Amino acid sequence: MRIEELNEIGFKAAKNEFLKCCTSEEWAKRMANSIPFEDMECLQEVAEDIWEKRLKNNDLLEAFAGHPKIGDVNSLKAKYANTSAMAGNEQSGVDSASDTTINELARLNKEYEDKFGFIFIVCATGKTADEMLEILKSRIGNTPEKEIAIAAAEQNKITQIRLNKIFTEE
């Protein structure tokens, strides 16, 4: 969708487009309320500003909850059926992983979720399953405060990638 089209589709339709990028209702609402956007750079700056400065922890957790678990391809397909082509590539590094790696990801994902109360969030684009496993291992010892900040930064990266996939200036 071109930026010009986004600027003219109305609040509800725009909010629905933004929800494809991030499942935080508050973020999507604030983005739709920020229309019109001059260009893609402006859209991305507003998106980042809202994400980093305008949301509460419950908004972040809502975005995290809309995310598939790393290695859980069925969850990925179910939660992002309307964006399967876009989200499907995000975990392509898991597709060729060994059973040992997948099982370890699943085990540590559960441990992570039990500890922090939300699923492990990482910008998986371009990462192999083994790389994601190492990242998960490195983060599981964090404090909850540190981890929510890291997860939020990772979610922001994912959202920016999705914005680039949905919206264009051409």
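In what order do the elements of the protein chain run from the N terminus on? They run α-α-α-α-α-α-α-α-α-α-α. The chain has eleven helices and zero strands; helices (H or I, at least four residues) and strands (E, at least two) are DSSP runs, numbered from the N terminus.

This is a predicted model, in which local features need pLDDT of at least 70 and side-chain atom pairs count only at pLDDT 80 or more, while totals for chains, interfaces and linings use all residues. Residues are numbered from 1 along each chain as its sequence is written, and side-chain values use heavy atoms, with hydrogens and water left out.

## The chain as a whole

Of the 170 residues in the protein chain, 43% are buried. Buried means under 20% relative accessible area, exposed over 50%, and partly exposed in between (1.4 Å probe, protein chains only). The accessible surface comes to about 8,600 Å², and 48% of it belongs to carbon and sulfur atoms; such areas come from the Shrake-Rupley method with a 1.4 Å probe. Among contacts (heavy atoms within 4.5 Å) with a separation of 6 or more, 67% are between residues 24 or more positions apart.

## The nonpolar core

In soluble globular proteins, nonpolar side chains tend to be buried together. A nonpolar core is a set of buried Ala, Val, Leu, Ile, Met, Phe, Trp, Tyr and Cys residues joined through side-chain atoms within 4.5 Å. The largest one here has 44 residues, and those touching the most other members are Phe-18, Trp-27, Leu-43, Trp-51, Phe-64, Leu-163 and Phe-167. Elements giving two or more residues to this core are α1 (3-6), α2 (11-19), α3 (25-33), α4 (40-54), α5 (57-65), α9, α10 and α11. The most comes from α11, with six residues.

Leaving aside residues up to four places away in sequence, Leu-43 touches Ile-3, Leu-6, Phe-18, Met-31, Phe-37, Leu-163 and Phe-167.

## Aromatic pairs

Rings of Phe, Tyr and Trp (its six-membered ring) pair if their centres lie within 6.5 Å; planes under 30 degrees apart count as stacked, over 60 as edge-to-face and the rest as tilted. The count by this rule is eight aromatic pairs. Two of them involve Phe-18.

| Pair | Centres apart | Angle of planes | Type |
|---|---|---|---|
| Phe-18 and Phe-37 | 6.3 Å | 80° | edge-to-face |
| Phe-18 and Phe-167 | 5.5 Å | 50° | tilted |

Phe-18 lies in helix α2 and Phe-37 in the loop between α3 and α4, 19 residues apart. Phe-167 lies in the segment after α11, so its pair with Phe-18 ties together parts that are 149 residues apart in sequence. Phe-18 is buried, at a relative accessible area of 0%. Phe-37 is buried at 2%, and Phe-167 also counts as buried, at 2%.

One aromatic cluster is formed by Phe-64, Tyr-112, Phe-116, Phe-118 and Phe-120.

## Helix α9

Helix α9 (residues 99-116) has 18 residues. From its first C-alpha to its last it reaches 25 Å, close to the 26 Å expected at 1.5 Å a residue; the expected span is 1.5 Å times one less than the number of residues.

Which residues of α9 are buried? They are Thr-101, Leu-105, Leu-108, Asn-109, Tyr-112 and Phe-116. These residues cover an arc of only 115° around the axis, which puts them on the same side of α9; the arc is that of the directions from the helix axis to the C-beta atoms. Their cover includes α10 (129-139) and α11 (144-166). The face turned away from the buried side carries the exposed residues Asp-99, Thr-100, Asn-103, Lys-110 and Asp-114. After α9 comes Gly-117, with a positive phi near 85°.
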